[in-house]
Structures are given as C-alpha cells and as structure tokens.
Amino acid sequence: MTRGIALTAIAALLALTATSSMAAGDPAAGAKKVATCVACHGKDGNAVDPQYPRLAGQYADYLAQSLHEYKDGRRNNAIMKGFAATLSDQDISDISAYFSSLPTKLQGLEGHVQD
C-alpha cells in the first residue's frame with residue numbers, strides 16, 4: 001500500500017513540475033520573435049518548400065518540446081540548434097503559441113489513402 005502512495009505522489013510531483021516548466025505562451029509576443037523562423041517556415045507558418053516543416057496550427061506543446069530538444073541537443077540539426085540556443089523558455093513558449101494560433105494548411109490522409 002505504501003508503494004502505491006509513493007508512486008502516486010511521484011506522479012503528482014512530475015505533473016506539477018511539467019506544468020510549471022511550460023509557461024503559457026503569448027501569441028502576440030511570439031509574433032514579434034519569429035523573424036528568423038519565417039525565412040524557412042514561411043510568414044504564415046506554412047512553409048512552401050517541403051524540406052521545412054509547416055508550423056502553423058501545430059500543438060503549442062509539441063512545438064515547444066521540439067525547440068527545447070533542438071536547444072539541448074536531443075534533436076540533431078545544426079541550423080535549428082543555433083536558432084534555439086538563443087531562445088529563453090519564455091521565447092519558446094511565445095513562439096510556440098504564435099505558430100499554434102495560425103491557420104494550418106496541413107492535410108489529413110482523407111482522399112490520399114485507399115480503403
């Protein structure tokens with residue numbers, strides 16, 4: 001019984017830590033911080049060149065996690081690592097909130113996959 005309580009306490013602590021480490025982003029502030037991003041990812045976050053991901057409409061948490069992973073080296077891309085290295089945690093939250101707020105041009109697989 002004690003083990004179950006300990007595991008529950010650890011899970012609760014991890015949830016609180018994860019939530020507090022990801023501050024809510026401000027899309028308006030993020031819009032002012034994306035000048036270098038738009039060169040590859042497009043002004044509207046919908047890159048035209050397929051070698052660059054479309055960021056518009058993606059989940060903010062996913063975008064923030066990706067930027068943190070570029071920053072700390074868990075994702076290996078020299079260009080993105082260089083850009084992410086200059087960002088604070090708040091910058092990452094704001095930029096992620098901005099791109100997440102934009103309309104996406106991503107498509108699902110409807111019409112592309114045969115039944």
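Which helix gives the most to the lining of the largest pocket? It is α4, with five residues.

First, the ground rules. This is a predicted model, where local features need pLDDT of at least 70, side-chain atom pairs count only at pLDDT 80 or more, and totals for chains, interfaces and linings use all residues. Residues are numbered from 1 along each chain as its sequence is written, and side-chain values use heavy atoms, with hydrogens and water left out.

Now the overall fold. The protein has six helices and zero strands. From the N terminus, the order is α-α-α-α-α-α. Helices here are DSSP runs of H or I with at least four residues, strands are runs of E with at least two, and numbering starts at the N terminus. Of the 115 residues, 26% are buried. Buried means under 20% relative accessible area, exposed means over 50%, and partly exposed lies in between, with a 1.4 Å probe and protein chains only. Next, contacts, meaning heavy atoms within 4.5 Å. Take those between residues at least 6 apart in sequence: 65% join residues at least 24 apart.

The lining has 26 residues, and the closest to the centre are His41, Leu55, Leu67, Tyr70 and Met80. A pocket, on a 1 Å grid over the protein atoms alone, is an open set of points where a 1.4 Å probe fits, with protein on both sides within 12 Å along at least five of seven lines; lining residues have an atom within 4 Å of a point.

Who supplies the lining? At least two residues each come from α3 (38-41), α4 (60-72), α5 (78-85) and α6 (89-101). By class, the lining has 15 nonpolar, eight polar and three charged residues. Nonpolar covers Ala, Val, Leu, Ile, Met, Phe, Trp, Tyr, Cys and Pro; charged covers Asp, Glu, Lys and Arg; the others, Gly among them, are polar.

Next, two of those helices together. α4 and α5 pack at an angle of about 100 degrees, with their axes 7 Å apart. So α4 is roughly perpendicular to α5. Axes are lines fitted to C-alpha atoms, for helices over the stretch in contact, and angles run from 0 to 180 degrees between N-to-C directions. Under 35 degrees is roughly parallel, over 145 roughly antiparallel, 65 to 115 roughly perpendicular, and the rest oblique. Leu67, Tyr70, Lys71 and Asp72 in α4 meet Met80, Lys81, Ala84 and Ala85 in α5. That contact has five nonpolar, no polar and three charged residues.

Serine 96 lies in α6. Is serine 96 buried or exposed? Serine 96 is buried, at 2% relative accessibility. Setting aside residues up to four places away in sequence, serine 96 touches Ala60, Leu63, Ala64 and Leu67. Aspartate 61 is 35 residues from serine 96 along the chain, yet their C-alpha atoms are separated by 7.3 Å.

Aspartate 91 is also in α6. At 19% relative accessibility, aspartate 91 counts as buried.

Last, leucine 106, in the segment after α6. Leucine 106 is partly exposed, at 42%. Beyond its neighbours within four places, leucine 106 contacts Arg54, Ala56 and Gln58.
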